[in-house]
Amino acid sequence: MSTSDERFWSIGELAERAGVTVKTVRFYSDRGLLPESARSGGGHRRYGPRALDRLSLIRSLRALDLPLHEIRRVVEDTDGAAGRVMENAVASRLRALGGELKAMRWREAALRLVGECPPGERADRLRLLGAVGAAGIPPNTAPLARFWRAWLPARTPARVTAEFLEAAVPQPPDEPTPGQVLAFARLYAMTTAPCPGRRQPQPEVHRVAGARGASVLYPGLIEAFELAAPPLRRSREPRPGEALDAYVAAYAGAYGRRDTRDFRRLLAARLAAEPRLDLYWELTALVRTPASGPPEPTPGAADAWLRAALDRDNATAA
């Protein structure tokens with residue numbers, strides 16, 4: 001196998017030692033990544049032992065999906081950036097693999113959802129999943145954010161909108177259950193469906209507040225949801241208290257009203273007239289419910305708990 005000069009290998013010998021094809025060696029050599037050490041009398045390329053080490057490094061870098069220009073910077077290290085290039089490449093590849101794994105888990109859960117459901121429900125579930133799949137897997141939450149932006153009063157302050165969207169828009173879980181996939185698909189269908197009858201998308205309970213009231217309403221609701229979280233974690237029955245007072249105060253402040261018994265009755269009636277809100281929060285809670293362990297209180301669960309507390313308070317005072 002050796003050449004007349006024991007220090008050098010032919011392109012075929014280098015390829016055999018590296019376990020690659022001659023075409024691969026020629027490819028990297030032609031691009032200057034694998035410089036030859038000499039030429040034979042007949043003009044054929046000859047490579048030294050260092051070429052084998054460099055070829056091994058090049059193949060490892062290619063396995064990380066580095067582009068050729070970054071591989072060149074690593075193997076040549078002309079500016080001392082090899083370590084930083086390697087770190088960035090590994091971090092980038094890890095992010096990409098994480099996304100691929102998440103997509104595979106979503107597809108697995110979706111297949112289980114279809115495979116485990118009664119035959120009569122498969123067509124509807126496939127339709128729901130097809131709509132979500134058209135937007136990418138795992139699905140993005142942009143349609144949900146657009147849904148809320150259409151509901152929120154016009155000219156709502158940007159800071160208030162951002163804070164509320166963070167609380168109201170559920171992020172797709174990394175390892176979803178079939179139930180979470182179904183809940184997200186239904187949520188996606190709900191938020192992308194056109195509004196019937198050309199009516200305004202905002203629920204009455206939001207529209208009455210207006211943009212100025214929204215700057216009071218949504219931060220107040222977030223505070224009330226946080227106050228409701230401890231009794232929710234302890235599975236306490238809905239009842240009046242600090243959380244309900246904050247909830248009512250948020251609406252009263254947004255409407256420019258006082259927290260009176262009459263206002264609490266009016267608020268309960270307006271909230272009951274918006275089933276879309278109930279459905280949104282219900283589905284959001286399902287998306288956010290982990291497969292194992294105690295569920296973390298969601299804005300939807302907190303809103304339902306607070307509304308039940310409001311109804312109980314009104315009934316007690318009647």
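Aspartate 259 is partly exposed, with a relative accessible area of 38%. Here buried means under 20% relative accessible area, exposed over 50%, and partly exposed in between (1.4 Å probe, protein chains only). The model is predicted: local features need pLDDT of at least 70, side-chain atom pairs count only at pLDDT 80 or more, and totals for chains, interfaces and linings use all residues. Residues are numbered from 1 along each chain as its sequence is written, and side-chain values use heavy atoms, with hydrogens and water left out.

The side chain of aspartate 259 meets that of arginine 264 in a salt bridge (2.9 Å, N to O). A salt bridge is a side-chain nitrogen of Lys or Arg within 4 Å of a carboxyl oxygen of Asp or Glu. Arginine 264 is buried, at 7% relative accessibility. Both residues belong to a network of salt bridges that also links Asp245, Arg261 and Asp313. In total, the structure holds 12 salt bridges.

Helix 6 contains another pair. The side chains of arginine 127 and aspartate 124 form a salt bridge at 3.8 Å, N to O. These two residues are three apart in helix 6 (residues 122–133), so about one helical turn separates them. Helices (H or I, at least four residues) and strands (E, at least two) are DSSP runs, numbered from the N terminus. Arginine 127 is exposed, with a relative accessible area of 53%. Aspartate 124 is partly exposed, at 46% relative accessibility.

Helix 8 (residues 158–168) holds arginine 159 and glutamate 163, four residues apart, or about one turn of the helix. A salt bridge joins arginine 159 to glutamate 163, with 3.5 Å between the closest N and O atoms. Arginine 159 counts as exposed, at 53% relative accessibility. Glutamate 163 counts as partly exposed, at 33%.

Arginine 45 lies in strand 3 (residues 45–47). Its side chain makes a polar contact with the side chain of aspartate 30, at 2.6 Å. A polar contact is a pair of N or O atoms within 3.5 Å; within protein, one must be able to donate a hydrogen and the other to accept it, and residues adjacent in sequence count only if both atoms are side-chain atoms. Neighbours within four places in sequence aside, arginine 45 is in contact (heavy atoms within 4.5 Å) with Trp9, Ser10, Ile11, Arg26, Ser29, Asp30, Glu36, Ala38 and Arg39.
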